[in-house]
Amino acid sequence: MSLRYLTAGETHGPQLTAIVEGMPSNMVLDFEQLNFQLQRRQKGYGRGRRMQIEQDTASIVGGVRHGRTTGAPIAIVVENNDWKHWTKIMNVEPIEGTDEEKRRVHRPRPGHADLNGGLKYQLKDLRNVLERSSARETAARVAVGAVARQLLEAFGIKIAGQVIRIGEIEAPPHQLAVDEIIQLTEASSVRVVDEETEKKMEAYIDQIKGEGDSIGGIVECIVEGLPVGLGSYVQYDRKLDGRIAQAVMSINAFKGVEIGIGFEAGQLRGSQVHDEIVYDADQGFSRASNRLGGFEGGMTNGMPIVVRGVMKPIPTLYKPLRSVDIDTKEAFTAQVERSDACAVPAASVVMEHVVAWEVAKAFLEKFGGDSMEEIRANYENYLEQVSRY
Ligand SMILES: Cc1cc2nc3c(=O)[nH]c(=O)nc-3n(C[C@H](O)[C@H](O)[C@H](O)COP(=O)(O)O)c2cc1C
Ligand SMILES: C=C(O[C@@H]1CC(C(=O)O)=C[C@@H](OP(=O)(O)O)[C@H]1O)C(=O)O
């Protein structure tokens with residue numbers, strides 16, 4: 001059975017729950033690191049008041065003893081601090097004439113899941129849709145991805161995320177290594193590597209927010225230290241680039257994904273796109289450039305994976321767009337809920353973790369065993385086989 005997970009829980013409910021199955025035994029699970037990743041997701045310029053209420057920490061309630069995985073399913077709980085403010089709204093039915101009725105959501109927000117969800121699940125209180133469609137769920141996905149990330153780190157695989165664009169402000173290109181990107185973006189409120197861009201992006205977000213509007217952007221994730229041959233060309237659902245694309249697209253508000261130079265490849269010639277193959281006795285086979293972002297044939301080629309995702313602007317607007325009341329069918333402006341103005345920096349952390357998950361899954365498919373010891377032996381044997389090729 002391959003690595004898998006499920007999450008459950010509502011944004012204003014008591015907690016988020018995740019179950020991870022298929023992690024090997026004897027992996028040291030660093031709880032501090034896991035919580036550090038959760039806290040990174042909460043930060044980022046442009047977030048709303050909710051992030052001041054939450055202090056995300058994961059409780060591991062299954063699958064780990066004495067700081068090591070046992071091979072059993074890992075159960076993770078992240079509590080919602082905000083639950084205490086929502087207990088009544090979440091528990092008491094919004095019957096006509098009651099106070100709770102006033103909190104019923106009936107004017108769907110364009111761009112959110114409200115209307116489609118209401119129609120599909122026959123729900124007249126759109127809160128039932130937004131509670132689960134909310135990106136609060138990405139806290140659980142980061143917790144799960146943080147476990148996967150620790151598995152990858154044990155084999156020297158590192159991941160960095162950075163913001164490339166927020167609206168009309170683009171970060172200048174650079175050639176920094178993953179370690180430097182990790183360090184520099186950590187100190188940045190918008191997760192860019194230089195202070196000048198950070199200041200410009202902050203001012204820009206302030207301006208958009210001041211106008212009652214929202215803004216999206218582009219984030220990039222780089223994975224370094226990979227062996228050649230994760231994923232496969234032999235079947236559509238084994239292509240790792242395709243699986244990563246799905247994972248990135250599944251992040252709330254993401255509307256596009258590209259690997260390497262991505263869409264730019266459509267306007268260049270073959271000679272300007274493909275990465276030439278070189279060989280060196282110490283390093284083995286490699287590529288002279290990495291325009292294809294670490295993939296050929298749905299398999300890693302040993303170069304860093306470079307994947308970008310575009311996030312649309314946040315749908316909830318303090319100056320709301322036109323909508324229709326689902327009760328009266330009359331034209332109204334959309335409901336205004338407390339909201340972020342920009343969550344691109346936070347989304348870059350989510351992206352790192354959904355990518356970590358897909359890479360870890362492919363890693364275990366290739367080197368899988370029940371314990372870390374077994375996996376390490378398989379991994380080293382394979383590296384040796386590749387070096388002898
Ligand atoms: C980290 C993060 C925070 C978000 N915060 C908000 C928010 O405060 N308000 C909002 O309306 N949408 C927010 N979104 C986007 C919505 O969750 C998303 O647009 C919605 O679920 C509909 O799904 P879709 O945009 O993928 O179609 C956020 C997304 C992410 C990744
Ligand atoms: C709670 C999180 O993000 C939320 C995502 C979100 C949405 O509609 O997606 C709406 C907001 O929720 P609330 O209405 O409670 O302020 C964000 O704060 C989080 O990232 O942990």
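Me: Where does His106 lie?
Reply: This is a predicted model, in which local features need pLDDT of at least 70, side-chain atom pairs count only at pLDDT 80 or more, and totals for chains, interfaces and linings use all residues; side-chain values use heavy atoms, without hydrogens and water. Residues are numbered from 1 along each chain as its sequence is written, while chains are lettered from A and ligands numbered from 1 in the order in which they are written. Helices are DSSP runs (H or I, at least four residues), numbered from the N terminus. His106 is in the loop between α3 (83–91) and α4.

Me: Is His106 buried or exposed?
Reply: Buried means under 20% relative accessible area, exposed over 50%, and partly exposed in between (1.4 Å probe, protein chains only). The relative accessible area of His106 is 16%, so His106 is buried.

Me: Which residue has a side chain joined to that of His106 by a polar contact?
Reply: Contact means heavy atoms within 4.5 Å. Leaving aside neighbours within four places in sequence, His106 is in contact with residues including Leu126, Val324 and Gln335. A polar contact is a pair of N or O atoms within 3.5 Å; within protein, one must be able to donate a hydrogen and the other to accept it, and residues adjacent in sequence count only if both atoms are side-chain atoms. At 2.9 Å, such a contact joins the side chain of His106 to that of Asp325.

Me: Which helix do the buried residues of α4 pack against?
Reply: In α4 (residues 114–121), Asp114, Gly117 and Gly118 are buried. Seen down the axis, they fall within an arc of 100° (taken from the directions from the helix axis to the C-beta atoms), so they line one face of α4. On the other side, Asn116, Leu119 and Lys120 are exposed. The buried residues pack against α5 (127–133).

Me: Which residue just after α4 takes a positive phi?
Reply: The helix α4 covers residues 114–121. Just after α4, a positive phi of about 55° is taken by Gln122.

Me: Which helices do the buried residues of α12 pack against?
Reply: In α12, the buried residues are Met372, Ile375, Tyr379 and Tyr382. They cover an arc of only 95° around the axis, which puts them on the same side of α12. They pack against α6 (137–153) and α11 (344–367).

Me: How many of the 17 residues of α6 are buried?
Reply: The expected span of a helix is 1.5 Å times one less than its number of residues. For the 17 residues of α6 this gives 24 Å, and the end C-alpha atoms are 24 Å apart, which agrees. The helix α6 is mostly covered, and its number of buried residues is 16.

Me: How much of the area of ligand 1 does the protein bury?
Reply: An oxygen atom of ligand 1 is 2.5 Å from an N or O atom in the side chain of Thr316, and one is 2.7 Å from such an atom of Lys312. Taken alone, ligand 1 exposes 630 Å² (Shrake-Rupley method, 1.4 Å probe), of which the protein buries 84%.

Me: How much of the area of ligand 2 does the protein bury?
Reply: The residues around ligand 2 (those with a heavy atom within 4 Å) include His12, Arg41 and Met51. A polar side-chain atom of Arg47 lies 2.8 Å from an oxygen atom of ligand 2, and one of Arg136 also lies 2.8 Å from an oxygen atom of ligand 2. Taken alone, ligand 2 exposes 460 Å², of which the protein buries 90%.

How values were computed:
Helices (H or I, at least four residues) and strands (E, at least two) are DSSP runs, numbered from the N terminus.
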